[in-house]
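The following exercises concern the structure shown below.

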Amino acid sequence: MDHAELNMEQVLKRDIPWETYMTTKLITGTGLQLLRRYDNKSESQRAVLLDDDGPAYVRVFITILRDIFKEETVEYVLALIDEMLTANPKRARLFHDKFLASEDIYEPFLSSSWQFDMLREDVVELRVANVKIQVDASLGGPSVFTPYWLKLIDCPRASALMLEVLDNTYLSIARSTWAHLERLLWKGNWFIQEKSCKILTMVVSGRLENQERVTSNGEASNSKKQLTTTDDVLKGLVEWLCSQLKKPSHPSRAIPTAINCLATLLKEPMVRSLFVQADGVKLLIPLILPASTQQSMQLLYETCLCLWLLSFYEPAIEYLATSRALARLIEVVKGSTKEKVVRVAVLTLRNLLPKGTFGSQMVDLGLPQIVQSLKAQAWSDEDLLEALNQLEDGLRDNIKQMSSFDKYKQEVLLGHLDWSPMHKDPIFWRENITKFEENDFQILRVLITILDTSRDPRALAVDCFDLSQFIQYHPAGRVIVTDLKAKDRVMKLMNHENAEVTKNALLCIQRLFLGAKYASFLQV
């Protein structure tokens, strides 16, 4: 069967020969008893066993993953652990119990991703040759094996010696390998990679700070044994997750698995740092897309959740500021109907609002209007409603800061007129109307020039509207605009093919004829 398409149900239907493993001393008699109690039992029965003696079962599982190389058995045990943790994520704490203080709880999961490839290649031939020579020599010659593989089960002494030699050979390779965790999860079949990643994510996230068993130098408490540190596991996990986002090992499951694990791991400050250093933020941006199916909706939600977690980390924010993340998030907020997706996207926008130029970009992208539309909908999530109110207040404050005459002046001089908030903000016009008199009405003259030079309907419409605003708010606005010969130019635009231009040209002429006294009665 294709290992990429294996599922939990298929794996858990297997009948594993635990008694054979005890005969060959790969598991102990106590381990066999625990496995007999646990294996093929209902979820409720297993829950009782884990409540009574959870750490002991974890030790058995870890021992099997460490000592047994048979792929089908490792897949089976990984499935058991995954099932156990999925049913109750709090069971991850069992791996950090004091009962397991001397165990390297991470090593078996790290090794399970690559040991099978080694056993399939030339390394295993060297080991077998080495074992055969040593076993033959100790047992009096090659006659013991005819062929020696078939005799192992009938020769406990040979079995024990072979296992010992294999174990020592394996450990010598392992000691050099743990120092290079870049091989983490890179070479197992997809089922093993997926389950190892998921389990490692849950186990490392389930540790309690006050129960951290591994010190910074990687030694277990009260032991000289070198253990795999949490930091090493996190580094290896982040590297593997980024590799899956770049080049998925499975066409449909690799990216959702990677994002699902990241949505948990990015709660760790160290993981945020590692992820940014690995240039992982850019790998998330293409995944912020409108979702149609349930699966894609979940992927979008978890991707937005990753961005929300990264929005608490300054170096990640700096990258987001230079990407299309903001525009994509706003599109998600605008187009999504799934409440949890909208909530996490709005919370992310709320966090980004006070950072750098995000606020002004949000206003330019029309977020204030989108927020007003969202507030009119019937949401049941109180966190979402509170976040929308906070976002609206923050955007309003940002608009006030943006409504400066300097920004307006720059917009006019560049000829890039658009419906930014200041054009229709009465406060802006009342506070800045006298500044239009500077440099012999320079800005007003430029506005009038744009009426002749621009071919952009939006710019012409805004220009006509701004002239009407000047007429309304300046005491001598009507006279000044007339003296600068703007009337004829505006009247020509009343026949423009664009309805928006025609509408605002008409408003300007009406205010020009009526004067400031009656102009306030005219609505756009």
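A residue is called buried at under 20% relative accessible area, exposed at over 50%, and partly exposed in between (1.4 Å probe, protein chains only). The model is predicted: local features need pLDDT of at least 70, side-chain atom pairs count only at pLDDT 80 or more, and totals for chains, interfaces and linings use all residues. Residues are numbered from 1 along each chain as its sequence is written, and side-chain values use heavy atoms, with hydrogens and water left out.

**Exercise 1.** Determine how many disulfides the count comes to.

*Solution.* Step 1: a disulfide is a pair of cysteine sulfur atoms within 2.5 Å. Step 2: under this rule, the count is zero disulfides. Step 3: for Cys-304, the nearest cysteine sulfur belongs to Cys-306 and is 9.2 Å away. Step 4: for Cys-508, the nearest one is that of Cys-464, 5.9 Å away.

**Exercise 2.** Classify Cys-304 and Cys-508 as buried or exposed.

*Solution.* Step 1: Cys-304 has a relative accessible area of 0%, so it is buried. Step 2: the value for Cys-508 is 1%, and therefore Cys-508 is buried. Step 3: of the 524 residues in the protein, buried residues make up 51%.

**Exercise 3.** Locate Lys-25 and classify its accessibility.

*Solution.* Step 1: helices (H or I, at least four residues) and strands (E, at least two) are DSSP runs, numbered from the N terminus. Step 2: the protein has 30 helices and zero strands. Step 3: Lys-25 occupies the loop between helix 2 (18-23) and helix 3 (29-38). Step 4: Lys-25 counts as exposed because its relative accessibility is 67%.
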